[in-house]
Amino acid sequence: MDATFFFDPACPWTWRTSRWLVAVAETRGLSIEWRAFSLSILSGGNIPPEYADAVAASGRALRLVEALRAEGRHADAGRFYTELGTRTHDAGNPPSGKLVESAVEAAGLDDMAAALDDERWDEAVHASHAEAYASAGPDIGSPVLMVPGADRGIHGPILTEVPGTEDALTLWDNMVPLMRMPSFHEIKRGRR
């Protein structure tokens, strides 16, 4: 894999970053491993009631992501996330069980739909989350990006919009060497 992307499908910031990474991967012929990162686990399960349905839907989706990863079906996981993000973030809908199921069908993954409700995948979701957190944490959220040759992953990049191809490639080309530099720690600017 050329990049490992740990994500929570409920996060709109993560969605924008994933679209950047997909554009880079398509242009450069890179392969992406899609992995679970749970904002519910990160928060210790302390979710405000208004987000409970979205978090539950996200948890079901992450089970499927890890089930697909276990079978080496990284492209299928990416296609599922694209279908889900299109139905949620692009359409302005909060994640829901119905939208998750619709994304499974649209991605052609009916053979894996049972993973959505199979609690045995929760352990894999926790392990994936722990790997991402150990790589880039503490004080991080979704997404986490890891690349080969880097000792640690990073949280982000966090993007306010999906950049065009030229800017997307510039960001990738400058970020990867920084990630591989052991002394590199952080670049940050405050939100406006």
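## Helix packing

Helices α3 and α6 (residues 122-136) pack with their axes 9 Å apart, at an angle of about 85 degrees. Axes are lines fitted to C-alpha atoms, for helices over the stretch in contact, and angles run from 0 to 180 degrees between N-to-C directions. The pair α3 and α6 is therefore roughly perpendicular, a class that covers 65 to 115 degrees, with angles under 35 degrees counted as roughly parallel, over 145 as roughly antiparallel and the rest as oblique. The model is predicted: local features need pLDDT of at least 70 and side-chain atom pairs count only at pLDDT 80 or more, while totals for chains, interfaces and linings use all residues. Residues are numbered from 1 along each chain as its sequence is written, and side-chain values use heavy atoms, with hydrogens and water left out.

Helices (H or I, at least four residues) and strands (E, at least two) are DSSP runs, numbered from the N terminus. On the α3 side, Leu 62, Arg 63 and Glu 66 meet Asp 122, Ala 124, Val 125 and Ser 128 of α6. The axes of α1 and α7 come within 9 Å and cross at roughly 90 degrees, and these two helices are therefore roughly perpendicular to each other as well. Here α1 contributes Trp 20, Leu 21, Val 24, Thr 27 and Arg 28, and α7 contributes Thr 165, Ala 168, Leu 169, Leu 171, Trp 172, Asp 173 and Met 175; contact means heavy atoms within 4.5 Å.

## The sheet

Four strands form an open sheet in the order β2-β1-β3-β4, with mixed pairing; two strands pair if DSSP finds at least two bridges between them. At the edges stand β2 and β4 (154-155), each with a single partner strand, so one side of each has no neighbour in the sheet. α7 packs on the sheet, touching β1, β3 and β4, and its direction makes about 75 degrees with that of β3.

| Strand pair | Sense | Bridges |
|---|---|---|
| β1 (residues 3-7) and β2 | parallel | five |
| β3 (residues 144-146) and β4 | antiparallel | two |

Within these pairs, Phe 5 has Trp 34 of β2 as its bridge partner, and Leu 145 stands opposite Ile 154 in β4. β1, helix α1 (residues 12-28) and β2 make a right-handed β-α-β unit; right-handed means that, with the strands pointing away from the viewer, the path from the first strand over the helix to the second runs clockwise.

Five of the five residues of β2 (residues 32-36) are buried, so this strand is largely enclosed by the rest of the structure. Buried means under 20% relative accessible area, exposed over 50% and partly exposed in between (1.4 Å probe, protein chains only). Ile 32, Trp 34 and Ala 36 point one way from β2, and Glu 33 and Arg 35 the other way.

Thr 4, in strand β1, is buried at a relative accessible area of 12%. Its C-alpha is 5.8 Å from that of Leu 145, although 141 residues separate Thr 4 and Leu 145 in sequence. Beyond four places in sequence, Thr 4 is in contact with Glu 33, Arg 35, Val 144, Leu 145 and Met 146.

## Nonpolar cores

A nonpolar core is a set of buried Ala, Val, Leu, Ile, Met, Phe, Trp, Tyr and Cys residues joined through side-chain atoms within 4.5 Å. The largest core has 41 residues, of which Trp 20, Phe 80, Leu 145 and Trp 172 touch the most other members. The elements giving two or more residues to this core are β1, α1, β2, α3 (52-70), α4 (74-90), α5 (97-106) and α7 (165-180). Another core, of six residues, lies apart from it and includes Phe 37, Ala 132, Ala 136 and Ile 140.

## Loops and backbone

Most residues other than glycine have a negative phi, and most peptide bonds are trans. Two cis bonds are described here. Gly 137 and Pro 138 are joined by a cis peptide bond with omega about 5 degrees, and Gly 156 and Pro 157 by another with omega about 0 degrees. Pro 138 is in the loop between α6 and β3, and Pro 157 in the loop between β4 and α7.

Asp 139 is also found in the loop between α6 and β3. Asp 139 is not a glycine but has a positive phi of about 60 degrees, and its relative accessible area of 73% makes it exposed.

Ile 158 lies in the loop between β4 and α7 and counts as partly exposed at 32% relative accessibility. Leaving aside neighbours within four places in sequence, Ile 158 is in contact with Trp 13, Thr 17, Ser 142, Pro 143 and Arg 191.
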